[in-house]
Amino acid sequence: MAKKAILRILAGLLAVILIVCIGFGVLYFTRLQTIKTLEKITDYEDGYNLYTMTVKYDYSIDDIINSGYTDMQEFVDAVVRESLPLLPVNIKVPSYGCSALCTTTTDGNVLMGRNYDFKLDTSALMVLCEPKDGYKSISFAALNNIGADRATAGLKTKMACLTAPFIGLDGINEKGVSVAVLTLPSEPTMQDTGKPKLATSLLIRLVLDRAASTREALELIREYDIFSSNGRDYHFIISDASGNSVAVEFDCESNGREMVVTPTDAITNFYIMYADKVDPDQDNGMYGKGSTKKRYTAMLDVLEANKGTVDRDVAWEALKAAAQDLNPEDITSNTQWSIMFDNTNARAEFVLRRHWGESFSFEIRD
């Protein structure tokens with residue numbers, strides 16, 4: 001009798017193990033398919049390269065938001081549960097220094113250009129997402145933030161790349177909506193009106209997946225309380241195929257950090273809404289460093305000098321005018337990548353780490 005009882009217990013344990021193994025296999029089948037799409041595109045001597053990946057697994061932005069995170073660690077934990085269930089992975093969120101512009105060329109194409117500036121060197125990952133309930137998009141993630149600069153080097157870095165849909169810094173979707181995040185020197189935005197909380201990088205994923213225009217993007221953002229990641233403050237530039245380009249900021253002079261939308265053709269690391277308070281020759285406190293306004297002016301000067309004849313080459317010249325070499329004392333120096341988003345044709349042209357002679361084009365609708 002005792003022998004039969006032991007056999008029943010063993011059979012039960014084996015059944016549980018089998019169920020767990022099957023469940024794990026189902027859970028990770030499409031994630032392993034995603035990993036198989038990882039590809040190294042460049043082979044630069046400095047070891048920092050461009051990679052691409054197509055997301056094959058289903059993810060849920062809503063599950064991350066509904067997890068109820070109230071601080072950065074809880075947000076990271078929610079991202080890990082969504083992208084790497086049952087596996088412990090540590091990620092961090094960076095400070096984002098940058099420049100961006102939006103212009104319409106003489107042939108009617110709307111371009112949004114973006115420099116991602118950050119003191120620490122990084123590889124980049126182009127992430128293609130095709131959510132069942134959203135728009136197809138491409139976005140770009142900094143791989144040093146997840147310890148995966150050599151993304152294809154081993155299983156650990158490949159698995160870490162599964163978090164990439166939620167750590168993008170900029171992107172464009174099939175409807176021609178492009179978005180980028182840039183850092184600010186003010187205190188972090190922590191809105192608290194009772195709405196669900198939306199973290200910085202998740203805002204980018206929300207816009208790319210669900211907004212068909214700048215107007216729709218703004219409507220989406222207003223449904224949430226904004227939660228700034230990693231102890232920094234941020235603003236965003238959003239543009240669409242019609243040329244509607246705006247800065248989305250959260251008023252640093254307001255206790256409630258109300259959202260303010262300002263039409264603009266360029267943006268750097270100072271408040272567009274308080275541009276008149278930013279002197280190019282001084283620090284300016286929470287409003288932004290004057291040096292960042294000089295980058296803003298440099299872009300606009302190029303566009304103004306070519307008014308009426310702006311084309312792709314001119315737009316690139318404007319981006320190059322704001323690109324930066326490394327300054328060890330400035331976290332928002334050292335241009336890691338530059339992108340020209342073509343909102344009209346839903347594509348992106350990418351240059352890594354100022355290798356201006358070598359660009360890579362990605363088309364969403366192809």
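User: Which residue caps the N-terminal end of helix 8?

Analyst: Glad to start there, with the reminder that this is a predicted model. Helix 8 spans residues 312–322, where helices (H or I, at least four residues) and strands (E, at least two) are DSSP runs numbered from the N terminus. A side-chain oxygen lies 3.2 Å from the backbone nitrogen of D313, and the residue that supplies this cap is D311.

User: Which pLDDT value must side-chain atom pairs reach to count?

Analyst: Residues are numbered from 1 along each chain as its sequence is written, and side-chain values use heavy atoms, with hydrogens and water left out. Totals for chains, interfaces and linings use all residues, whereas local features need pLDDT of at least 70 and side-chain atom pairs count only at pLDDT 80 or more.

User: Which residues of helix 8 are buried?

Analyst: Buried means under 20% relative accessible area, exposed means over 50%, and partly exposed is in between (1.4 Å probe, protein chains only). By that cut-off, the buried residues of helix 8 are V314, A315, W316, A318, L319 and A322.

User: Why do the buried residues of helix 6 line one face of the helix?

Analyst: Helix 6 (residues 214–221) has T214, A217, L218, L220 and I221 as its buried residues. The arc is taken from the directions between the helix axis and the C-beta atoms. Seen down the axis of helix 6, these residues line one face because they fall within an arc of 160°.

User: At about what angle does helix 6 run to strand 11?

Analyst: The cover over the buried residues of helix 6 includes helix 5, strand 10, strand 11, strand 12 and strand 13, with contact meaning heavy atoms within 4.5 Å. Axes are lines fitted to C-alpha atoms, for helices over the stretch in contact, and angles run from 0 to 180 degrees between N-to-C directions. Helix 6 lies across strand 11, strand 12 and strand 13, and its angle to strand 11 is about 150°.

User: Which strands stand at the edges of the open sheet?

Analyst: This sheet has 9 strands in the order 1-2-5-6-7-8-11-12-13, with mixed pairing; two strands pair if DSSP finds at least two bridges between them. Two of the strands have a single partner strand each, so one side of each is left without a neighbour in the sheet; they are strand 1 and strand 13.

User: What is the bridge partner of L125 in strand 6?

Analyst: Strand 6 is fully covered, with 6 of its 6 residues buried. S137, S139 and A141 point one way from the strand, and I138, F140 and A142 the other way. Strand 5 and strand 6 pair in the antiparallel sense over 6 bridges, and L125 has as its partner A141.

User: How many residues does the largest nonpolar core have?

Analyst: A nonpolar core is a set of buried Ala, Val, Leu, Ile, Met, Phe, Trp, Tyr and Cys residues joined through side-chain atoms within 4.5 Å. Those with the most contacts inside the largest one are L125, F140, L202, W337 and F350. Leaving aside residues up to four places away in sequence, L125 touches residues including L38, Y51, M53, F140 and C161. The size of this core in residues is 115.

User: Which residue stands opposite W337 of strand 15?

Analyst: Strand 15 (residues 335–342) has 8 of its 8 residues buried. The antiparallel partners strand 4 and strand 15 are joined by 7 bridges. Opposite W337 stands Y116.

User: Which residue takes a positive phi in the hairpin of strand 15 and strand 16?

Analyst: These two strands run antiparallel, with 6 bridges between them, and D342 has R347 as its bridge partner. The hairpin has 4 residues between the strands, and the positive phi, near 50°, belongs to A346.

User: With which side chain does the side chain of T122 make a polar contact?

Analyst: T122 sits in the loop between strand 4 and strand 5 and is buried, with a relative accessible area of 0%. A polar contact is a pair of N or O atoms within 3.5 Å; within protein, one must be able to donate a hydrogen and the other to accept it, and residues adjacent in sequence count only if both atoms are side-chain atoms. At 3.4 Å, the partner is D149.

User: At what distance does the side chain of S201 reach the backbone oxygen of F166?

Analyst: S201 is found in helix 5 and is buried, with a relative accessible area of 3%. The side chain of S201 reaches that oxygen of F166 at 2.7 Å.
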